[in-house]
Amino acid sequence: MKMDSLKASSFCRLMWNKNVQRKQRHWERIVAAKKSGRKQEKERKKANRSENSGICTQHSKRFLRALTKEKLLEAKHSGPRLCIDLSMTHHMSKKEMSRLAGQIRRLYGSNKKADKPFWICLTGFTIDSPLYEECLRMNDGFSSYLLDIVEEDCFSLFPLETLVYLTPDSEHALEDVVLNRVYVLGGLVDESIQKKVTFQKAQEHSVKTARLPIQEYMVRRQNEKNYHSEILAINQVFDILSTYFDTHNWPKALKKGVSPGKGYVLQNSEE
């Protein structure tokens, strides 16, 4: 009788364990199904976003790089031209050359993002120069930049009548940015601020000069240091030219490139 009771007890425990295991497996299947459902829902939403954007997610970066390259190469044949005159770097210190290399990097980055990019030409630039080495050191992928690098200066490379040398010392305000002109920026970072260097260089070659129309669209703003300057970094000048070429709006373009630290604000601005 006692033996029968033990057998019955063992049988009950066995059945209970089987029920527990069955319930556990059932619960695990429910949890797995919920996880699978959530994963499928995420993939469905991801696929919908890709279809709506018109770009396959896994190829989007490649697509954008190809699109940027196509726009830059198109600018080489039919876009506006920008020349950076780097023939004056022998006057600059290593610190100034580092700053110029950084400005070239930012300028190129802005041009890549532009809807209507310029074709850029670095003139008076040799691959054995300290500035070139500094550009390689500071700018990732500099040797693969889509632009022209030439040893000739801009006055030998382009017809003189097509050149417009942008300098703050010019008497003439730039009125428009057109395709049949080559706009020249002096690649000069000069902490001692030697005046009229680029203006005199343009005059020596009888090249037309122009300044940005800061005086026409902006006013001096009072500040503690009473500081006002129209001297901009080359990437700031480029941002203005690029924005104007895209919008044909000088106030909008100047606001893009003239920082408040220069001591100027747009006319009728409440800033």
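H248 lies in the loop that connects α8 with α9, the latter spanning residues 250-257. Although H248 is not a glycine, its phi is positive, at about 55 degrees. The model described here is predicted. Its protein chain contains nine helices and eight strands, and 38% of its 271 residues are buried.

**Overall architecture**

- Among contacts in the protein chain with a separation of 6 or more, 77% are between residues 24 or more positions apart.
- The protein chain has an accessible surface of about 17,500 Å². Carbon and sulfur atoms account for 51% of that surface.

**Backbone with positive phi**

- The loop between α8 and α9 holds H248, a residue other than glycine with a phi of about 55 degrees.
- S206 also is not a glycine and has a positive phi of about 55 degrees. This serine is placed in the loop between α6 and β6, the strand of residues 208-210.
- With a relative accessible area of 68%, S206 is above the 50% cut-off and therefore counts as exposed.

- C154 belongs to helix α5, which covers residues 154-157.
- The relative accessible area of C154 is 0%, so this cysteine is classed as buried.
- Beyond its neighbours within four places in sequence, C154 is in contact with C83, D85, T123, L163 and V184.
- C154 and G124 are separated by 30 residues in sequence, while their C-alpha atoms are 7.3 Å apart in space.

- T198 is located in helix α6, which is formed by residues 197-204.
- T198 counts as buried because its relative accessibility is 12%, under the 20% cut-off.
- When residues up to four places away in sequence are set aside, T198 touches M88, Y165, T167 and G186.

- S242 sits in helix α8, which runs over residues 234-247.
- A relative accessible area of 11% places S242 among the buried residues.
- S242 touches A114 and F118, with residues up to four places away in sequence left out of the count.

**Negative surface patch**

- D128, E133, E151 and E152 form a patch of negative charge on the surface.
- One of these residues, E152, is found in the loop between β3 (148-149) and α5 (154-157).
- The relative accessible area of E152 is 42%. This value lies between the cut-offs of 20% and 50%, so E152 is described as partly exposed.

Terms used
Residues numbered from 1 in each chain as written. Predicted model: local features only at pLDDT ≥ 70, side-chain atom pairs only at ≥ 80, totals over all residues. Heavy atoms only, no water. Helix = DSSP H or I, 4+ residues; strand = E, 2+ residues; numbered from the N terminus. Buried < 20%, exposed > 50% of the residue type's maximum accessible area, 1.4 Å probe, protein only. Contact = heavy atoms within 4.5 Å. Patch = residues over 30% accessible without salt bridge, like charges linked within 9 Å, V, L, I, M, F, W, Y side chains within 5 Å. Areas by Shrake-Rupley, 256 points an atom, 1.4 Å probe, with all protein chains shown as cover. Salt bridge = Lys/Arg side-chain N within 4 Å of Asp/Glu carboxyl O. Lys, Arg positive; Asp, Glu negative; His and termini not counted. Charge placed at Lys NZ, Arg CZ, Asp CG, Glu CD.
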